[in-house]
Amino acid sequence: MKEDFGENWLKCLKIPPPWTLETGLKCIILHWIAVFSFVFGRTKESAERLHEAVKKHNRENRANSKLQTMTELEEEILELSIALFNAAELNKSQLVHESEIIHCKQALLGYLKKAKESRD
């Protein structure tokens with residue numbers, strides 16, 4: 001956006017920085033059809049479920065700030081994130097940054113594996 005709007009780019013944003021994971025997901029949902037559906041497909045249900053899980057996680061973290069281990073909710077957030085990248089892989093013919101998508105998904109799978117191992 002900075003390239004398109006120059007120094008005034010911040011004035012064009014619905015949600016100005018600083019961004020959190022929660023506000024970032026809100027932006028993704030707001031701009032799903034125009035920007036993200038090209039990579040992740042037209043349905044934004046996965047992003048909406050991920051956004052709700054992150055909001056729930058944030059509420060729980062504020063209520064219990066002593067939480068040190070990865071919770072089932074955090075595992076669910078990872079699984080929902082992986083589902084988004086799975087959707088992107090279904091649209092492979094349209095992917096411009098295929099290697100980045102695969103790299104992100106592999107990193108998420110690694111985090112999820114470690115989380116499950118540490119819980120067992």
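Which residues lie nearest the centre of the largest pocket? Leu-21, Leu-25, Leu-50, Ile-77 and Ser-81 do, out of 18 residues in its lining. The views below start with the whole chain and then zoom in.

This is a predicted model, where local features need pLDDT of at least 70, side-chain atom pairs count only at pLDDT 80 or more, and totals for chains, interfaces and linings use all residues. Residues are numbered from 1 along each chain as its sequence is written, and side-chain values use heavy atoms, with hydrogens and water left out.

**View 1. The whole chain is built from 6 helices and 0 strands.** Helices here are DSSP runs of H or I with at least four residues, strands are E runs of at least two, and numbering goes from the N terminus. Along the sequence the pattern reads α-α-α-α-α-α. Of the 120 residues, 30% are buried (buried is under 20% relative accessible area, exposed over 50%, partly exposed in between, with a 1.4 Å probe and protein chains only). Take the contacts with a separation of 6 or more: 50% of them join residues 24 or more positions apart (a contact is heavy atoms within 4.5 Å).

**View 2. The largest pocket comes to about 340 Å³.** A pocket, on a 1 Å grid over the protein atoms alone, is an open set of points where a 1.4 Å probe fits, with protein on both sides within 12 Å along at least five of seven lines; lining residues have an atom within 4 Å of a point. Grid points are joined across faces, edges and corners, and the volume is the space filled by probe spheres set on them. Helices α2, α3, α4 and α5 (72–90) each put at least two residues into the lining, and α5 gives the largest share, 6 residues. By type, the lining splits into 14 nonpolar, 3 polar and 1 charged (Ala, Val, Leu, Ile, Met, Phe, Trp, Tyr, Cys and Pro are nonpolar, Asp, Glu, Lys and Arg charged, the others, Gly among them, polar).

**View 3. Ser-81 sits in helix α5.** It counts as buried because its relative accessibility is 13%. Skip its neighbours within four places in sequence, and Ser-81 is in contact with Leu-50 and Leu-108.

**View 4. The largest nonpolar core holds 19 residues, and Phe-40, Leu-50, Ile-77 and Leu-84 touch the most other members.** Helices α2, α3, α4, α5 and α6 (98–119) each give two or more residues to this core, with the largest share, 8 residues, coming from α5. Such a core is a set of buried Ala, Val, Leu, Ile, Met, Phe, Trp, Tyr and Cys residues joined through side-chain atoms within 4.5 Å. Not counting residues up to four places away in sequence, Leu-84 touches Trp-32, Phe-40, Ser-46, Ala-47 and Leu-50.

**View 5. Helix α3 has Trp-32, Ser-37 and Phe-40 as its buried residues.** They lie on the same side of α3, because they cover an arc of only 80° around the axis (the arc is taken over directions from the helix axis to the C-beta atoms). Just after α3, Gly-41 takes a positive phi of about 95°.

**View 6. Helix α2 (residues 21–30) buries Leu-25, Cys-27 and Ile-29.** These buried residues pack against α3 (32–40) and α4 (45–63). In the loop between α1 (2–5) and α2 lies Pro-18, and the peptide bond from Pro-17 to Pro-18 is cis, with omega near 5°.
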